[in-house]
Amino acid sequence: MTESLQPVIVGAGPAGIRAAERLVRAGLRPIVLDEGQRAGGQIYRRPLIDDGRSYRSRYGSEAGKARRLHEAFEAILPAIDYRPETLVWNVSTPERGNQLDVLLAGVHRQIGFSQLILCTGATDRVLPFPGWTTPGVYTLGASQTALKAQGCTIGDRVVFMGSGPLLYLVAWQYLKAGARVEAVLDTAPVTSKRHLLTLAIHAPRIVALGLSYGLQLQLAGVKIRYGVRPEAVLGTSQVEGLRYRRRTLTGEAVESIACDALAYGFALRPETQLADLAGCRFRFNGRDRVWLPERDALGRTSRSDVYVAGDGSGIAGADASEISGELAAAALLEDTGRALADAAGLVAARKAILRQRDILEQAFPFPDDWLETVPDETTLCRCEEITIAEGRRAIAAGSIVEINRLKALSRVGMGRCQGRMCSAAATELLSGACGTSAGEVGRLRAQAPVKPIPLGFGGSVEAEVRS
Amino acid sequence: MSMNPLLRRRYRLDETLVPFTLNGTAQTGRRGDTVLTAILSVSGRLRQSEFTGENRAGFCLIGACQDCYVMTAQGSRVRACSTALLADMAFITDLGAVSETAHD
């Protein structure tokens with residue numbers, strides 16, 4: 001029966017497209033399921049219609065890579081079974097067969113797979129602070145998506161805050177697009193940037209680009225601050241400004257800045273729910289403070305018919321995602337007796353990028369002291385509107401030491417986003433309260449459906465399934 | 001509503017207009033807009049939160065945070081950031097307006 005099944009790739013970003021390309025080259029016809037309207041993923045996302053902008057204008061220094069990836073997709077399109085706007089919301093466990101539950105144009109379907117390559121990507125990693133749910137506050141990635149895919153800026157006078165290379169890149173892109181960049185507020189101390197010197201040896205292009213963005217922002221008169229912690233968004237129905245603290249030579253200073261939009265974030269967090277539902281074994285990654293599906297150098301998981309690639313298997317960026325997509329497909333071909341993987345070169349290239357990520361993480365560190373200074377009445381979970389105080393009370397009342405227990409008793413992580421926006425903070429909150437490390441509080445288990453889906457009962461009534 | 005539009009359009013400025021209604025009022029978006037872009041180019045929110053009623057206008061824009069659900073005049077909901085705007089769509093972002101209508 002399985003002979004008639006095809007490999008299924010979930011995701012059509014850098015990893016998914018390169019995986020599909022490799023399988024097509026071996027004579028296979030994979031099914032590619034894409035939640036997006038057009039292939040490209042998030043970093044090389046395409047607009048719904050052509051808006052007259054060049055690749056250079058849309059993707060900047062990565063224009064060549066974006067164009068090559070899109071062209072590669074168009075070239076294999078006749079040879080694959082591509083299904084855009086398709087949400088995969090469940091994967092059957094091995095005992096229950098090789099089935100995906102999908103929602104395709106509002107219709108539920110089941111799709112079988114011979115093997116599964118998960119290229120599910122990442123979302124922004126965020127942490128709460130007073131006012132983070134105010135209209136006009138977006139993630140850093142969102143501010144870039146608005147510009148890249150819709151040709152809009154999130155406001156006229158924008159503040160960018162957080163930690164990561166994206167902070168300076170998006171601020172620069174907004175400057176180029178004609179927005180007023182009121183400030184770039186780096187949450188990392190200025191001393192962390194010394195690690196860029198080390199990075200320059202291994203990845204001179206990345207460092208040169210980053211320095212160029214920083215320099216152009218400064219030349220344009222943009223205020224750049226380091227060691228920043230936000231105190232509160234000013235304005236209630238919309239963003240009117242931001243009050244923040246920053247480290248100075250003599251101590252701390254509190255400053256306010258007027259703006260009509262704020263974009264913030266702290267690098268990315270992987271989308272791992274489908275690998276979890278598939279029953280793959282997970283391991284804690286201390287550097288990224290996140291649980292990842294166990295994988296070998298090629299992307300094999302603990303489940304013999306499931307492979308992982310791209311940022312969903314560990315944050316490593318678009319270049320590494322293209323490589324790991326091809327590697328996962330090569331592993332699949334080897335495991336099914338079609339071709340030896342012969343992947344030493346690609347494995348080495350991916351390893352080199354992973355080493356660069358280690359240095360990058362030191363130059364743009366995660367603010368692990370964040371929750372220590374966020375007021376208790378701040379919203380922790382934006383779906384269920386649970387405050388940090390309620391989270392703390394639940395932890396104390398139930399002597400909670402495990403993250404799923406916290407979810408059960410406080411509803412944090414139980415809402416529509418399934419913890420995508422609050423799990424980083426919930427982990428920090430719980431490990432802080434228990435005096436343990438982030439890895440010791442356990443892993444928030446995925447639940448199907450991994451995103452809200454409409455359910456038709458008798459074809460007329462609509463309801464929503466939440467877990 | 002005294003709220004200012006959130007988004008500022010930089011491209012597709014001359015693209016074909018697409019009519020829709022927002023809380024019963026005629027509005028226009030542009031071809032190639034998502035529902036989110038169309039609404040936030042003329043308004044400052046997409047919905048009010050279930051528990052505290054605070055204004056929300058989306059957050060991640062890539063279909064992950066589920067914060068940008070918008071109610072349609074037909075009573076269903078769409079995820080605004082990942083739904084293309086179609087002509088004559090009708091949205092409700094002001095629950096007060098709905099309950100007033102219901103009492104009439």
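This is a predicted model: local features need pLDDT of at least 70, side-chain atom pairs count only at pLDDT 80 or more; totals for chains, interfaces and linings use all residues.

Visitor: Start with α6(A) and α10(A). At what angle do their axes cross?

Guide: Look at the axes and their N-to-C directions. Helix α6 of chain A covers residues 195–202, and helix α10 of chain A covers residues 344–363. Their axes come within 8 Å and cross at roughly 160°. An angle over 145 degrees counts as roughly antiparallel. Therefore α6(A) and α10(A) are roughly antiparallel to each other.

Visitor: Is the crossing of α6(A) and α10(A) left-handed or right-handed?

Guide: That crossing is left-handed.

Visitor: Which residues of α6(A) and α10(A) meet?

Guide: From α6(A) come His195(A), Leu196(A), Thr198(A), Leu199(A) and His202(A). They meet Arg355(A), Gln356(A), Ile359(A), Leu360(A), Gln362(A) and Ala363(A) in α10(A). Sort these contact residues by type: five are nonpolar, five are polar and one is charged.

Visitor: Now the second pair. How are α11(A) and α12(A) set against each other, roughly parallel or roughly perpendicular?

Guide: Again, begin with the angle. Helix α11 of chain A spans residues 388–397, and helix α12 of chain A spans residues 403–410. Their axes come within 10 Å, with a crossing angle of roughly 110°. The range 65 to 115 degrees counts as roughly perpendicular. So α11(A) is roughly perpendicular to α12(A). The crossing of this pair is right-handed.

Visitor: Which residues make the contact between α11(A) and α12(A)?

Guide: On the α11(A) side, they are Glu390(A), Gly391(A), Ala394(A) and Ile395(A). On the α12(A) side, they are Leu406(A), Leu409(A) and Ser410(A). By type, this contact has four nonpolar residues, two polar and one charged.

Visitor: Let us move to chain B. How many helices and strands are there in chain B?

Guide: Chain B has two helices and eight strands. Read from the N terminus, its elements run β-β-β-α-β-β-β-β-β-α.

Visitor: How compact is chain B?

Guide: Compare the radius of gyration with the globule rule. For chain B the radius is 13 Å, close to the 13 Å the rule gives for 104 residues, so the chain is as compact as a globular protein of that length. Its C-alpha trace spans about 40 × 30 × 25 Å along the principal axes.

Visitor: What share of chain B is buried?

Guide: Buried residues make up 42% of its 104 residues. Check the contacts too. Among contacts in chain B with a separation of 6 or more, 45% join residues 24 or more positions apart.

Definitions and conventions:
Residues are numbered from 1 along each chain as its sequence is written. Chains are lettered from A and ligands numbered from 1 in the order in which they are written. Axes are lines fitted to C-alpha atoms, for helices over the stretch in contact, and angles run from 0 to 180 degrees between N-to-C directions. Helices (H or I, at least four residues) and strands (E, at least two) are DSSP runs, numbered from the N terminus. Angles under 35 degrees count as roughly parallel, over 145 as roughly antiparallel, 65 to 115 as roughly perpendicular and the rest as oblique. A crossing is left-handed if the near helix is turned anticlockwise from the far one by less than a right angle, and right-handed if clockwise. Two residues are in contact if their C-beta atoms, placed from the backbone, lie within 7 Å. Ala, Val, Leu, Ile, Met, Phe, Trp, Tyr, Cys and Pro count as nonpolar, Asp, Glu, Lys and Arg as charged, and the others, Gly among them, as polar. The radius of gyration is taken over C-alpha atoms; the globule rule is 2.2 Å times the number of residues to the power 0.38. A residue is buried if 20 or more other C-beta atoms lie within 10 Å of its own, exposed if 12 or fewer, and partly exposed in between; C-beta atoms are placed from the backbone.
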